[in-house]
Structure formats: structure tokens, C-alpha cells
Amino acid sequence: MKNSKLVFLLTLVLAFSVIMAACANEPTGNEGGSDSDGDEGTADNGGGEGGDLIASMASDIVGLDLHGSNDTYSSNVASNIYETLVYHDAELELQNGLAESYEQIDENTWEFKLREGVTFHDDSEFNADVVKANLDRILDPEIASQRAFLYDMIEEVEVVDTYTVRLITEYPFAPLPAHLAHNGGGMMSADMIERDYEAMENGEEPGSVINEEAIGTGFFKFDSWSPGSEVKLVKNEDYWGEPAKVDSVTFRVVPEDGTRIADLNTGAAHIADPLSPSDVSQIEATDGMHVESTESVAMMYIGFNSQKEPFDDPNVRKALSMAINKQSIIDGIYDGHGLEARSPLAPKVYGYNENIDVIEYDPEEAKSLLEEAGYGEGELTITFNTSDHRERQNIAENVQQALAEIGVTANIEMEEWGSYLESTANGEQEMFVLSWSTVTGDGDYGLFPLFHSSQQGSAGNRTFTEDEELDEILMAARRNEDQEARLDQYIEAQNILADEAIILPLFHEDYLLGVSDSVEGLWQHPTRRLMLQDVTINN
């Protein structure tokens, strides 16, 4: 025990030495963990309200245009800048946000009464025209938003009066309020949107202005973004509700797990996001820091690009899936911090059913299926694509070993997170590992974007699945007002996913954070967002 503690302390000293050496040179884009100028190298731990809250995160954001990105890190930062009409509380129950109330007028019409007296960070007014500008933009083909699928059932956004707006849908769509709680339904300044369109007319890409200004109504305002290094937000002193407690939040890009822990230990950061399960025991054994754990609605999965051989053959997909022991991944890599997945939907999500078909671990049957598909032992070589996150690299190595036991050679290719998202959206991958979080709490979001053929690429369907029967079921479920019938349709869809082995759902992970004991009031949402409004920093 003494030896293990000594090794851990030496590791921290070495990591901190590397950080100090990096500070002696001009910082580069990948050294954001503790790079700083002047007196900003150490987190401010004093005095309750006020101070700069520093969160070390594994990857940089993709952007701050709500309609131009769909990744976790961008959403985490943006959710502290922009607000939605309604939002999900900790139990995934809908609560009023920028809308004071809402009701369904008829099967295709929803009316929202908006909160009065709310202003954006540029002092422009929040009103019904703003809601229309945002929803019209996300549905604009010129924007080509990755999140348009959330709202593409909306035919018209009708401004009734200054603070009343009606959303008229093409067909009945029961999950609409839940979709509006998604970060993609956040409200951005209409003046900023107008300037962004003007920039597009001058040849700029959509979002060029928004990524530089990021103007919302939230309790934090955008201050700066140094790509590859950090994003800084400052307190909105004029927030319409209860203001934030800290003066600012700095999200630093720190790819290395060990460096994030070292930052936490030395006081260079208050939050390490994420915390590797293998590091939990170290955090728990170290004075001055603790672990925050949250059950999630996320699924880690292995996907197969159905447009590439041999993954266009369901037998090959099923064989490779049967060779993988999910529980060994949960126990061996995540130290038990997760629940084995039966389907893409976590148990809390509407549409989940424990009696659906499941691909069981069966290496011998996997060999038989490969032989049926024409691949004898040693005759199949594939590429397994993964990002640079430690656990996902470990998953790739686990899978590599599992496939070797059935005579399949898997070559691992690793990419930086942003590049990985781009390449998988473009269909360059073969077999890959990714996650998806059903942030609306409804099966539509957990299934439609991942598997409907209209959502291929960056919207979610990175397996490039094209299944006419599945398409019909998923579309019908979106339009069905009968909740029991919708549930049956989602069960049917999940059975197809298992029968065709379109993906292998691995597990629903627990979200883990390393947190300084000086931080109070922090909690993490089941959708992984850091809830920072009530955070204080104390000695």
C-alpha cells in the first residue's frame, strides 16, 4: 500500500514538472492543461462567491454555433451561454425555461408563452421573433444543421404577439417539448444570426460570426476561445434569474488523464472532466479531492459501416458482435462503472424494454457465422477506428484481442477527437466505437438520428444504415400520439437492430468527474452537462 502511494505521488510530481517545463516555453495548441500567463496559472480557491472556476476537459469544442455542432464538449460549454424554452431537470422532467408556459392547442399546434424582460448579452430583447429566427435558421437547408432532425417536423413558426409563439407541425409529434429542451433548441441572439447570414453572403461559412460572438441569454457570457487551448466564460451580471456565483469559468483542453489529475491535485484546476474509471481509487485516496458520479442516459457502442465490405453482411456484423464480451469491458476498463446495454436506450428512457432481442456473447457461434459468410480462420482482416480517449483505446485493444480469438485480425487506427468525428461522419471508418446520449429522454432521439437513413453522417447515423422497414417504423413512431402504440413500435425497431446486428450496444456508462473539495454546488446532468450556476469556490 505504501509503495502504491509512493508511486502515485511520484507520478504527480513528474506530471507537475512537465507542466512547469511547458510553461517556460510558448504554449502550443495541445498543451492547454496548465499553460497560462502571469498570475492565472493557479485556480482561485478563495472566498465563496467569485473567482475563476477552472475545468480541465479532454477535448476542445467543435464550435459555439448551436446548429453547427453536435458533440459533447461543445454542448457542455454552450449550455452555459444559451438557454432553451424548456429544460430537463435532474430526473429528466420538463421544466419551464425561457417559456413561462406551453400547451398543445390541437394535435399539430403547440403554443408557448415567453418570459418577458429577458435580454441577450448584446442587450437585444428576447421575444417571439427571436424564437422564429432560431427555429427558421436550424431548418434552413443553407445552414445544413446537424440538428435539423430535431425540428424538421415543424412546418411553420407563427408569431402571435411579442411574447407568444406557435409551432405548427406537419404531423402530430408528441416529443416536441422534449426536443425543444435539447441544447440545439437554445436561443441565440437574432441580431447575431442576421450578421452571420450577412457573412454567408460574403462567402463565409455558416456559423463564422456565431463562433466568434456566441451571444445568448444565459448566466455566463462568452469571453474568448483559443482553439486547442481553452474557452473562457464570464458571469452575466444582468441575468434575468438567479445569477451565477463565480466570476468566470475557464474550460481548458487537457487531453492527458494524468495531467488533469495533476492539475486537480496542485490547484491548477477545480474539475477534471472526464475522470477515467481506473483513476477513481486514486482520487478517493487523495486529500482535497473527490469523485462525482452520475447515472447517464448515454450508450457506448461499436458500430459497423454497412456501406463497406465485409460489414454489409449481417452475418459478419453479428459474428464480430458475438465475439465481444461486454461485461469484460465494463469490469476490466470501467471498473464496473456502467450497466450492460441491451439496446441503444437506457432503462430511464421511454421506449426501453427489457424483453427485446439481444446479441449474446458466443465466440463459437461467431466462428460458425464467419464460416457461413465465407471467412475461415485467419482470412478476415479489418480496421478498428477509435478516438484518442484512453478508455476507447482500451476498448479497441479489448476488441482486438477478442476478435483474434475467433481468427480475425483487427488493426487499430486512432485519431484526435475532432478529426475522428469528421472522418466517421464522412464514412471513412470501418468498425468503430462511439457513444450516443438520449438527451431528450424519449426513444425518438435514441433511435431516429442513429438509424434512419435520412440521418446518415454527422447527424448521427455513422453506420450509414439503409433499412426501409426500420425507416418506416421510426417515422411512424414519431407521428404516433398513442404512447402505448409508440412503445410497441420502438420495441419492434430495437428487435430489428439486434437481428441485423447494426450496432453492438456495449453499456450505459456512469459519468465521472474529479472535483476539488473547494468546489460546492456542482452537479452533473444525466446528459453529461456540467451544472455550474450554483457553484462556489471555498477554502
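Helices here are DSSP runs of H or I with at least four residues, numbered from the N terminus. The model is predicted.

**Exercise 1. Confidence**

State the average pLDDT of the protein chain, and find where pLDDT stays under 50.

Solution. The chain averages a pLDDT of 90, and 91% of the residues score at least 70. Over residues 1-42, pLDDT stays under 50. For this stretch the model has 42 contacts beyond four places in sequence.

**Exercise 2. The faces of H11**

Which residues of helix H11 are buried, and which are exposed on the other side?

Solution. Step 1: within H11 (residues 363-372), the buried residues are Ala366, Leu369 and Leu370. Step 2: viewed down the helix axis, the buried residues of H11 fall within an arc of 100°, so they line one face of the helix. The spacing can be read against helix geometry. An α-helix has 3.6 residues a turn, so residues three or four places apart point the same way. Step 3: Glu364, Glu371 and Glu372 are exposed on the other side of H11. Step 4: the cover over the buried residues of H11 includes helix H9 (314-322), strand S15 (380-387) and strand S16 (408-415).

**Exercise 3. A covered helix**

How many residues of helix H14 are buried, and what covers them?

Solution. Step 1: nine of the nine residues of H14 (residues 443-451) are buried. Among them are Tyr445, Leu447, Phe448 and Phe451. Step 2: the cover includes helices H4 (176-180), H15 (468-479) and H16 (483-499), together with strands S13 (298-304), S17 (431-437) and S18 (503-516). Step 3: at the N-terminal end, H14 is capped by Asp442, which places a side-chain oxygen 2.9 Å from the backbone nitrogen of Asp444.

**Exercise 4. Strand S1 and its partners**

With which strands does S1 pair in the parallel sense, and over how many bridges?

Solution. Step 1: S1 pairs with S10 over six bridges, and Thr250 in S10 is the bridge partner of Ile54. Step 2: S1 pairs with strand S11 (residues 271-273) over three bridges, with Ile271 in S11 as the bridge partner of Ala55. Step 3: turn to the two faces of S1. Asp52, Ile54 and Ser56 are buried on one side, and Leu53, Ala55 and Met57 are buried on the other.

**Exercise 5. Trp240**

Where does Trp240 lie, and which residues does it touch beyond four places in sequence?

Solution. Step 1: Trp240 lies in the loop between strand S9 (230-235) and strand S10 (248-253). Step 2: its relative accessibility is 33%, so Trp240 counts as partly exposed. Step 3: Trp240 touches Glu83, Gly97, Leu98, Arg115, Val118 and Thr217. Step 4: the side chains of Trp240 and Glu83 make a polar contact at 2.9 Å. Step 5: Thr119 is 121 residues from Trp240 along the chain, yet their C-alpha atoms are separated by 7.6 Å.

How values were computed: Residues are numbered from 1 along each chain as its sequence is written. This is a predicted model: local features need pLDDT of at least 70, side-chain atom pairs count only at pLDDT 80 or more; totals for chains, interfaces and linings use all residues. Side-chain values use heavy atoms; hydrogens and water are left out. Buried means under 20% relative accessible area, exposed over 50%, partly exposed in between (1.4 Å probe, protein chains only). Contact means heavy atoms within 4.5 Å. A polar contact is a pair of N or O atoms within 3.5 Å; within protein, one must be able to donate a hydrogen and the other to accept it, and residues adjacent in sequence count only if both atoms are side-chain atoms. Two strands pair if DSSP finds at least two bridges between them. pLDDT is the predictor's confidence in each residue, from 0 to 100. The arc is that of the directions from the helix axis to the C-beta atoms.
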